[in-house]
Amino acid sequence: MNAPALLCLALLAATVTEPTPMPVAAPPALVDVATVAPGIRLDIRYATAKNFTGRALYPAARCLLRPGVAERLARAQEAAAAQGLGLKVFDCYRPLSVQRAMWTLVPDERYVADPAKGSRHNRGAAVDLTLVDASGKELPMPTGFDDFSTRAHRDYDDLPPNVIANRAQLERLMQDAGFSGLPTEWWHFDADGWERYDVLDVPVPR
Ligand SMILES: [Zn+2]
């Protein structure tokens with residue numbers, strides 16, 4: 001065999017024996033906020049019948065979010081704790097199938113995002129929450145969670161001064177951490193850049 005042919009065989013052998021790279025594990029799509037910010041209190045209403053549908057829609061009371069969104073929420077919790085307060089969340093990631101179930105029960109876009117469009121909650125990039133004091137007691141806010149009246153609007157101002165101040169404090173803490181409030185719901189915040197995340201339909205684990 002001549003020299004070029006030997007070289008050719010050697011190259012072929014090098015190609016065949018080259019180890020295939022190990023697959024890199026994909027980062028998790030969602031993280032449980034309890035592992036990132038254990039101080040955050042949970043009152044996951046859709047895991048109970050205490051919500052506007054009157055039914056439990058999640059199998060477990062968990063707050064799941066995109067990892068980057070959960071880190072921002074952890075920063076908001078740290079800032080709240082520095083003021084002697086804390087965050088209490090009502091809803092985080094919501095599977096698209098649950099969005100469809102809500103829509104079947106209440107097919108009204110004033111109350112429920114059309115599943116054909118998807119909610120920002122379906123992207124793991126939105127959170128519903130309020131402020132609590134050091135003992136865990138909720139601070140007075142304009143309405144309860146999922147109160148779909150104009151009183152829940154962020155610009156509604158026919159309220160006691162302490163309620164306006166509490167709402168503003170929650171908004172400031174969330175904005176500083178990288179969230180923007182929904183104009184019609186004082187409790188709802190979208191992570192800035194939410195549109196970069198896809199709609200998901202992985203179930204909430206038990
Ligand atoms: Zn919401």
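In this predicted model, D146 is found in the loop between β5 and α5, where helices (H or I, at least four residues) and strands (E, at least two) are DSSP runs numbered from the N terminus. Residues are numbered from 1 along each chain as its sequence is written. Because the model is predicted, local features need pLDDT of at least 70 and side-chain atom pairs count only at pLDDT 80 or more, while totals for chains, interfaces and linings use all residues.

The phi angle of D146 is near 60°, a positive value in a residue other than glycine. Most residues other than glycine have a negative phi. D146 counts as partly exposed because it has 19 C-beta neighbours inside 10 Å; a residue is buried if 20 or more other C-beta atoms lie within 10 Å of its own, exposed if 12 or fewer, and partly exposed in between, with C-beta atoms placed from the backbone. T150 also has its place in the loop between β5 and α5, and T150 is exposed because 12 other C-beta atoms lie within 10 Å. Although T150 and T184 are 34 residues apart along the chain, their C-alpha atoms are separated by 7.3 Å.

The protein as a whole contains 5 helices and 7 strands, and from the N terminus on its elements run in the order α-β-α-β-β-α-β-α-β-α-β-β. Of its 206 residues, 33% count as buried. Among contacts between residues at least 6 apart in sequence, 71% join residues at least 24 apart, a contact being two residues whose C-beta atoms, placed from the backbone, lie within 7 Å.

An open sheet is formed by 5 strands in the order β2-β4-β5-β7-β6, with mixed pairing; two strands pair if DSSP finds at least two bridges between them. The edge strands are β2 (41-42) and β6, each of which pairs on one side only. Helix α3 (residues 67-82) packs on this sheet and touches β4 (85-91), β5, β6 and β7, and its direction makes about 145° with that of β4. Such angles run from 0 to 180 degrees between N-to-C directions, and axes are lines fitted to C-alpha atoms, for helices over the stretch in contact.

Strand β4 is mostly covered, since 6 of its 7 residues are buried. On to β5, the pairing with β4 is antiparallel and comprises 6 bridges, and K88 stands opposite T130 in β5.

Strand β5 (residues 126-133) also runs antiparallel to β7, to which 3 bridges join it, and A126 stands opposite D190 in β7. In strand β7 (residues 188-191), H188 and D190 point one way and F189 and A191 the other way, and all are buried. In a regular strand the side chains alternate between the two faces of the sheet. Strand β6 (residues 179-181) pairs with β7 in the antiparallel sense over 3 bridges, and F179 has A191 as its bridge partner in β7. A hairpin joins β6 to β7 through 6 residues.

Helix α5 (residues 161-177) lies across β5, β6 and β7 and runs at about 145° to β6. The helices α3 and α5 pack against each other at an angle of about 135°, with their axes 8 Å apart. That angle makes α3 oblique to α5, because angles under 35 degrees count as roughly parallel, over 145 as roughly antiparallel, 65 to 115 as roughly perpendicular and the rest as oblique. The crossing of α3 and α5 is right-handed; a crossing is left-handed if the near helix is turned anticlockwise from the far one by less than a right angle, and right-handed if clockwise. The contact is made by R72, L73, R75, A76, A79 and A80 of α3 together with L173, M174, D176 and A177 of α5. The residues of this contact divide into 7 nonpolar, no polar and 3 charged, where Ala, Val, Leu, Ile, Met, Phe, Trp, Tyr, Cys and Pro count as nonpolar, Asp, Glu, Lys and Arg as charged, and the others, Gly among them, as polar.
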